Structures are given as structure tokens and as C-alpha cells.
Amino acid sequence: MITFPLAKINLGLNVVEKRPDGYHNLQTVFYPVPVKDALEVVPMDPTFPSDADCDLKVTAAAPAAGTTGTAATPSPFYTGDEQRNLVVRAYNMLKADYPALPRCHAHLWKGIPTQAGMGGGSSDCAYMIRLLNTMFHLNLSEQQMIHYAARLGADCAFFIKNGPCYAEGIGERLDDIHIDLVGWHIAIVRPDIPVPTKEAFSRIRPHFPVKNCRDIVMQPVETWRNQLVNDFEESVFALHPEIGHVKEQLYKMGATYAAMSGSGSALFGLFRNHPDALVQAFPDMFTFSSVL
């Protein structure tokens with residue numbers, strides 16, 4: 001069975017307070033976007049010689065540059081230690097509660113860039129939970145899958161629901177939100193500058209916004225530029241001015257709204273019309289464009 005984990009962007013991201021456990025409470029709107037990985041799982045033959053119950057192989061690749069609606073080369077993918085991948089961790093977590101879960105071969109093709117604030121790893125593990133639930137008839141409810149996903153990461157739970165959501169807490173408290181960007185064109189640019197989450201949080205000063213992002217996104221997109229804020233931009237742009245320059249360039253190209261996603265380093269712009277010459281404007285960077 002094969003499935004295609006989607007990426008996300010953040011429409012506003014406010015870090016409102018630090019928690020006693022060291023994490024931070026957030027307010028954000030998650031919105032799925034059609035940058036995809038591919039995840040295939042097949043049952044393992046009982047006689048196959050494998051030390052792992054979930055034998056994962058990861059492939060990092062990208063389609064040809066300049067193809068509308070797809071990621072253009074080069075793309076900053078990282079495979080890492082496959083047995084520490086969140087896909088394997090999701091399998092092992094379910095296996096602990098469902099011992100009859102068969103051993104599996106899994107193949108993950110990475111089309112979502114890493115350390116980009118787009119939730120690629122979180123999406124992969126959530127889709128793994130969904131796939132295993134369907135494939136092996138575990139009969140988990142959506143809420144049970146959300147509970148499992150939240151154990152693996154703050155934004156993993158969103159990818160179980162995988163529709164526009166307003167999130168609080170560390171990103172695991174989700175409410176559906178009726179926002180429709182159908183017909184808008186999106187451009188995504190990821191500079192070759194990874195931003196570790198720990199680094200991004202290190203300079204954050206938690207505070208509550210004047211207006212909640214949930215309310216702002218219900219307004220016309222044309223009003224977002226001066227109201228809808230990602231709190232990470234101030235510190236990340238100070239450390240990496242090149243990332244801030246990408247946002248400026250997206251506005252110069254005609255974006256109605258542009259922002260950094262998550263803690264970076266990917267940025268996105270929403271356009272009324274298809275943004276021309278995206279690849280030429282951002283050479284040597286991951287780029288993606290599509291209509292939503």
C-alpha cells in the first residue's frame with residue numbers, strides 16, 4: 001500500500017508562553033500544501049532475514065527543475081539513520097500495543113525538504129499510523145490516531161486530520177477551521193540554510209499577540225500582510241538575513257502575503273496569479289509552485 005504525506009505551512013505562528021516542562025505554548029493555523037513525500041509499506045515475508053520489524057529504506061530525490069506544481073532541484077533532503085526515522089518509531093509504537101502487527105518493508109521517498117518548517121518528518125509518521133491502521137485493520141479512531149501521533153512530535157497530530165486547523169498547546173490541541181485558499185497560487189522557497197528548531201526557539205520572547213491568528217485568517221488575504229505574524233521571523237532573520245531577503249523578494253514578485261513557515265527556513269508567498277520565473281529568481285534553492 002502506498003500513501004503520499006503532505007507538507008504544511010503556518011498561517012501565523014505566535015509563541016505565547018513558556019511551559020514548566022520546557023516546551024512552549026503556541027497559537028497557529030496549520031494549512032496543508034501539495035508538497036509530498038511517498039510512503040509505501042508491504043508485509044515482510046516471514047522467512048526474510050531482518051533484525052528490524054520495520055525495514056525502512058529512504059530515498060532522497062527531486063524531479064526536474066522548473067516543473068510547475070513540483071519541487072525543483074536542488075532540494076535539501078536528508079535521509080539520516082533510517083532506524084531512528086519517525087516512520088519506524090511510529091511502527092514500533094503501534095507494535096508495542098498491537099503485537100500481532102506483521103513485520104514490514106517500508107520505502108520512503110522524500111520530496112519535502114527537511115529543517116524547513118514544513119513538517120515533513122511529522123507528516124511521514126502520521127501517515128504511517130494512518131496507513132498501518134487501514135492496511136492491518138487496527139480499527140483506530142481518528143482521536144486514537146491523534147493521541148498516538150502527538151506522542152511522536154508537536155505537529156504530528158495535525159497530519160492525522162490533514163485539513164486546515166487552528167492549534168494551541170505545543171501544536172497538539174486542534175480545532176477545524178473553515179478557511180479556503182482554493183484558487184490562490186502558492187510559491188515555496190527553501191534557502192540552503194537549515195534552521196534547527198532549538199536555535200529558532202533560543203531567541204524567542206513569548207508573548208500573546210494583539211489579535212489571534214485564528215481571527216486574522218478569517219479576513220481577506222489582502223489584510224494579512226500587516227497583521228498575520230510568525231514570531232520566529234525576527235530572530236531567524238537576524239541570524240540569517242538571507243532568509244529575510246527571500247521574503248522581500250516574494251513581495252517584489254507580487255505576493256499578496258508572504259511569510260516563513262514554522263521555525264524556518266522555508267518561506268511561502270500567496271499570489272493571485274502564477275508567479276513567473278520562480279526558479280530563476282531563486283537559483284540554487286528548493287522551489288515549488290502550484291495552485292491551491
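Which residue forms a salt bridge with K110, the closest N and O atoms being 3.0 Å apart? In this predicted model, local features need pLDDT of at least 70 and side-chain atom pairs count only at pLDDT 80 or more, while totals for chains, interfaces and linings use all residues. Residues are numbered from 1 along each chain as its sequence is written, and side-chain values use heavy atoms, with hydrogens and water left out.

The partner is D124. A salt bridge here is a side-chain nitrogen of Lys or Arg within 4 Å of a carboxyl oxygen of Asp or Glu. Because D124 lies in helix 2 (residues 120–135) and K110 in strand 7, the pair ties together parts that are 14 residues apart in sequence. Helices (H or I, at least four residues) and strands (E, at least two) are DSSP runs, numbered from the N terminus. D124 counts as buried at 2% relative accessibility, and K110 is also buried, with a relative accessible area of 5%. Buried means under 20% relative accessible area, exposed over 50%, and partly exposed in between (1.4 Å probe, protein chains only).

K110 also meets D37 in a salt bridge, at 2.6 Å from N to O. This pair links distant parts of the chain, 73 residues apart: D37 sits in the loop between strand 3 (24–36) and strand 4 (38–43), and K110 in strand 7 (residues 104–110). D37, too, is buried.

By the rule above, the count comes to ten salt bridges. Another of them joins the side chains of E234 and R205, at 3.0 Å from N to O. E234 lies in helix 7 and R205 in the loop between helix 5 and helix 6 (213–216), so this pair ties together parts that are 29 residues apart in sequence. E234 is exposed, with a relative accessible area of 56%, and R205 counts as exposed at 59%. Salt bridges that share partners join D37, K110 and D124 into one network.

Helix 7 also deserves a look for its packing. Helix 7 (residues 232–239) and helix 8 (residues 241–252) pack at an angle of about 120°, with their axes 5 Å apart. Axes are lines fitted to C-alpha atoms, for helices over the stretch in contact, and angles run from 0 to 180 degrees between N-to-C directions. On the helix 7 side, the contact (heavy atoms within 4.5 Å) is made by E233, V236, F237, A238 and L239, and on the helix 8 side by P241, I243, G244 and K247. The buried residues of helix 7 are F232, E233, S235, V236 and F237.
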